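Please view the sequence and the model together before turning to the points below.

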2 protein chains.
Amino acid sequence: MAEDVFKALADPTRRRILDELVERDGRTLFEICARLAAEHGLGLSRQAISQHLAVLESAGLVVSRRQGRYKFHDLNTEPLEHIVTRWLRPGPPEGTP
Amino acid sequence: MAEDVFKALADPTRRRILDELVERDGRTLFEICARLAAEHGLGLSRQAISQHLAVLESAGLVVSRRQGRYKFHDLNTEPLEHIVTRWLRPGPPEGTP
DNA sequence: TTGTCATGCAAGTCAACGCTTGCCTATGGT
DNA sequence: ACCATAGGCAAGCGTTGACTTGCATGACAA
């Protein structure tokens, strides 16, 4: 649903998680925790990130594959592409000179 | 700020307001109230819509021009265009064969 | 098996959000 | 002047959401 996608994007932490995944796929929960703490200075608990990942996953923005005791997360940009076009008018198509 | 844009888009009522404005610009507050009630069956108070419009306006998604005792609202799609591209990978550019 | 590592589940707290209610300002018509 | 219309301000209420804490589960190594 578009509803879930918009709600998922509403939180800054979740958007930073997407930033980490667009840089490289296949990150694990702990890896994301470490990177958010290091790069952005976010001191969030492991469960906080886990809940954020659950929201992103139920919105279809993140897909996960389990492998042993690890769970790798990949970014899925498909729900993002048709969401904004809803309000974009025909307008000037390509070049903006 | 991108923060305000995402938060503005998080609410379904605000997205429907954008739907009304993309159909026709220059709508007044009462006009939007009437249309939301008629088309979508939303029985929201005038102030509720007014507050939603304020959120949309502070996010830059709606611009308003005052004229006498009327206040007309126009849609501004500019903040929408550079927001999703943040996570879109190079990928296959145009056709999807 | 025992211990550790990566993750999941559940309850509880606190702030932000959406909406209402009531009153106020200002413009325009009669 | 009077009154109706279009909109604004502010306090209050109920719900949702983000985060924490504590305990439980499953996989791998010694």
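The model is predicted. Chain A contains five helices and two strands, and a rotation of 180° superposes chain A on chain B. DNA strands C and D are each surrounded by protein residues, 21 in the case of DNA strand C and 20 in the case of DNA strand D.

**Chain A**

- Along the sequence, the elements of chain A follow the pattern α-α-α-α-β-β-α.
- Taken along the principal axes, the box filled by the C-alpha atoms of chain A is roughly 50 × 25 × 20 Å.
- Chain A has 97 residues, of which 21% count as buried.
- Among the contacts in chain A with a separation of 6 or more, 53% join residues 24 or more positions apart.

**The pairing of chains A and B**

- The rotation of 180° that superposes chain A on chain B has 0.0 Å of shift along its axis, and the RMSD is 0.0 Å.
- The two copies are therefore related as by a two-fold rotation axis.
- In chain A, Ala10(A) has the C-alpha nearest the axis, at 3.0 Å from it.
- Both copies use the same surface, since 100% of the contact residues of chain A recur in chain B.
- Chain A and chain B each give 16 residues to the contact.
- On the side of chain A that touches chain B, helix 1 (2–9) and helix 2 (12–23) of chain A are the elements that give two or more residues.
- Helix 1 of chain A gives the most to this side, with four residues.
- By class, this side of chain A has 12 nonpolar, one polar and three charged residues.

**The surface near DNA strand C**

- The residues closest to DNA strand C are Thr28(A), Leu29(A), Ser45(B), Ala48(B) and Gly68(B).
- Two or more residues come from each of helix 3 (29–40), helix 4 and strand 2 (70–75) of chain A, and from helix 4 of chain B.
- Helix 4 of chain B gives the most to this surface, with four residues.
- The surface near DNA strand C divides into six nonpolar, nine polar and six charged residues.

**The surface near DNA strand D**

- Ser45(A), Ala48(A), Gly68(A), Thr28(B) and Leu29(B) come nearest to DNA strand D.
- The elements that give two or more residues here are helix 4 (46–58) of chain A and helix 3, helix 4 and strand 2 of chain B.
- The largest share of this surface, four residues, comes from helix 4 of chain A.
- Its residues comprise six nonpolar, nine polar and five charged.

**Helix 2 of chain B**

- Helix 2 of chain B (residues 12–23) has 12 residues and reaches 17 Å from its first C-alpha to its last, close to the 16 Å expected.
- Arg14(B), Ile17(B), Leu18(B) and Leu21(B) are buried in this helix.
- Seen down the helix axis, the buried residues fall within an arc of 100°, so they line one face of helix 2 of chain B.
- The cover over these buried residues includes helix 1, helix 3, helix 4, strand 1 (62–67) and strand 2 of chain B.

**Gly41 of chain B**

- Gly41(B) lies in the loop between helix 3 and helix 4 of chain B.
- Gly41(B) is exposed, because 7 other C-beta atoms lie within 10 Å.
- Phe6(B) is 35 residues from Gly41(B) along the chain, and their C-alpha atoms are separated by 25 Å.

Terms used
Residues are numbered from 1 along each chain as its sequence is written. Chains are lettered from A and ligands numbered from 1 in the order in which they are written. This is a predicted model: local features need pLDDT of at least 70, side-chain atom pairs count only at pLDDT 80 or more; totals for chains, interfaces and linings use all residues. The expected span of a helix is 1.5 Å times one less than its number of residues. A residue is buried if 20 or more other C-beta atoms lie within 10 Å of its own, exposed if 12 or fewer, and partly exposed in between; C-beta atoms are placed from the backbone. The arc is that of the directions from the helix axis to the C-beta atoms. Two residues are in contact if their C-beta atoms, placed from the backbone, lie within 7 Å. A residue is near a molecule or strand if its C-beta atom, placed from the backbone, lies within 6 Å of it. Ala, Val, Leu, Ile, Met, Phe, Trp, Tyr, Cys and Pro count as nonpolar, Asp, Glu, Lys and Arg as charged, and the others, Gly among them, as polar. Copies are superposed by least squares on the C-alpha atoms of residues with pLDDT of at least 70 in both.
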